[in-house]
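Q: Got a model here to go through. Can we start with the sheet and its helix, then move on?

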Amino acid sequence: MSATTAPPLEVRGLVKRYGNLAAVDGVDLTVDAGDVYGYLGPNGAGKTTSLRMMLGLIRPTAGTVSLFGRDPWETARALDGVAGFVEAPTFYPYLSGRRNLELLAAFDGDGASALIDSALQTVELTDRARDKVGGYSHGMRQRLGIAAALLRQPKLLLLDEPTTGLDPGGMRDMRVLVRQLAQQGITIMLSSHLLAEVEEVCNRVAIVQSGKIVYEGEISALKRSAGAAYTLQTTDDERALGICRAQRGIEEARPSDGKIWFSAEEEEAVAALSQALVEGGALIRALTPQTARLEDLFFSLTEGAGNGAEDAAADGAERESIQAQAEATR
Amino acid sequence: MSSGAVAAPAPRIAGRVGRPSVLTVYRWEVFKLIHLKRTYLGLGLSVIVPIIFAVAIHFRHSQHGDFAFASYLNRSGLALPLVILLFGAVWMFPLITALVAGDIFASEDHNGTLKTVLTRSLQRWQIFAGKTLAATTYAVIAILLNGTFAVVAGTIQSGFNPLQSLSGTTVSASHALGLVYLALVIYLMPIATVLCIGLLLSTLTRNSAAAVVGTLMISLLFQLIGVLPGLQGTQPYLLSTQFQAWQGLLRQPIDWSPIVQAVWVCAMYAVPALGAAFLIFLRRDVAGG
């Protein structure tokens, strides 16, 4: 596949092992041009390790990473058109924000330095650009990280938990910025453990658990796969429940919190049910479609059989600790 | 941030002409060194020691010396830089060198800035070469600064007078000055070796303090081996011995054999250390920070 037609990011069979621990275990994913791609998983699931491999910072144990058709371990040119950061963006604290950007622009090549002013303006750091980064807040460093990424005129932006550590206002601003950058045509992949964030800004998602992808595709498709659910309130719920259960196309019906909960794949089945309820003498007070929440789908995918949320969290924390120890000693 | 519209990106520069080079890294590494306190700690030590020596000579009562050139300190200021070269070999110059060499990679690891620069348009070897050149520049400046301050301080104290060579002949002041600077250049060989060991420990340990102290300890270990009675046969091949190679210049005629020996002995330590540092840096995972 030529570099011009290759997708911005293609990962095949990606594995990273630290001793016996597989931090990333056979990840396959493709980020197409124009995607805002969420890499979603609990802490310790292997998201940051994956992003490090994608940016050529750590060498995969097995598998390949391709950025616009080029391997970041073969040439730094693979990072042309690619920018981003893993964990928190880091800068030289004894230099000003502008000096840091000048340094990074120099390391990007001619032309990048001409973008410093507009990048600072984009992240609204122009007024603080001459202050030393050592005095910046976490949110300001995150924004400077975005500015540093913009200097590369990226076609693909890889962001590792860009809202982590930000206050609610900072999180909102960062999400707005991500959406604005996406509107400019930049393909974005962002890792996150925040479901709402991914649901809000991403069109596609890979859900990762214990280093493995448990779902990859469009968020809307994921929600559709969960089927459509409705709640119903009538003048006679007992009779209505019987009608629901007898109605063709209604897959499941049960009482729930003083209402009737039922699922149906086809909207026509719901229309037919409405008519049957009226004819059966159970007049409809409320019929409400229940949108599947990403959060519910996420937990159903990541917790697995007999693996509760607490177990998953403990597993993630343990994996995180082992990864950190392994990385520190390498 | 949310309130304002996102500024339009500047026009794309076609083909990204002028890709960054080793020189780009070197310039910015020097710029960073200029802004780091530890640079001035090393350079400050280089400057202050000759002044302390000159003051000590001024108040010294004994005219006798128990080491090379000590007895000439009151007769010629040009003896001072040479005496400092003798004393500095034990720990001062290795420490000054290690302060930057041990820190230059490890601090980037510690601060997490290594991953920042590695995700730009540079090859790893370019970053390594630029940093190595910057650390070398610092070491050269430190040695030359020390020598120059020693010449000036010594001259103020004892005058710009002819110097007696180790063979007992008298060398004119101007000729001796040339020999002093040539001695400093030869002294740079073992210094460069210490630098390479520092760079290796810096890439290997990823810990600035461990790399600086480790470099100094290796240097002291060579000194220790050199004075142990049973191991004196190893002396010609020790790094510590090469710090004395410049003394060949102060003989009449000049004795080049210790200098030639220093070239290959220093290379014997420096090349593997630098090579290992290079390979480690090129292949290693960059995480944390």
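Q: Which strands does helix α1 of chain A lie across?
A: Helix α1 (residues 47-54) of chain A lies across β1, β2 and β4 of chain A, at about 120 degrees to β1(A). Helices (H or I, at least four residues) and strands (E, at least two) are DSSP runs, numbered from the N terminus. Axes are lines fitted to C-alpha atoms, for helices over the stretch in contact, with angles from 0 to 180 degrees between N-to-C directions; contact means C-beta atoms, placed from the backbone, within 7 Å.

Q: Before more, what do I need to know about the model and numbering?
A: This is a predicted model: local features need pLDDT of at least 70, side-chain atom pairs count only at pLDDT 80 or more, and totals for chains, interfaces and linings use all residues. Residues are numbered from 1 along each chain as its sequence is written, with chains lettered from A and ligands numbered from 1 in the order in which they are written.

Q: OK, what is the strand order in the chain A sheet?
A: The open sheet has three strands in the order β2-β1-β4 (chain A), with antiparallel pairing; strands pair if DSSP finds at least two bridges between them.

Q: Why is one side of β2 and of β4 of chain A without a neighbour?
A: β2 (21-31) and β4 (62-67) of chain A are at the edges and each has a single partner strand, so one side of each is left without a neighbour in the sheet.

Q: And how many bridges join β1 to β2 in chain A?
A: Eight, with β1 covering residues 9-18. Leu14(A) is opposite Val27(A) in β2(A).

Terms used
Two residues are in contact if their C-beta atoms, placed from the backbone, lie within 7 Å.
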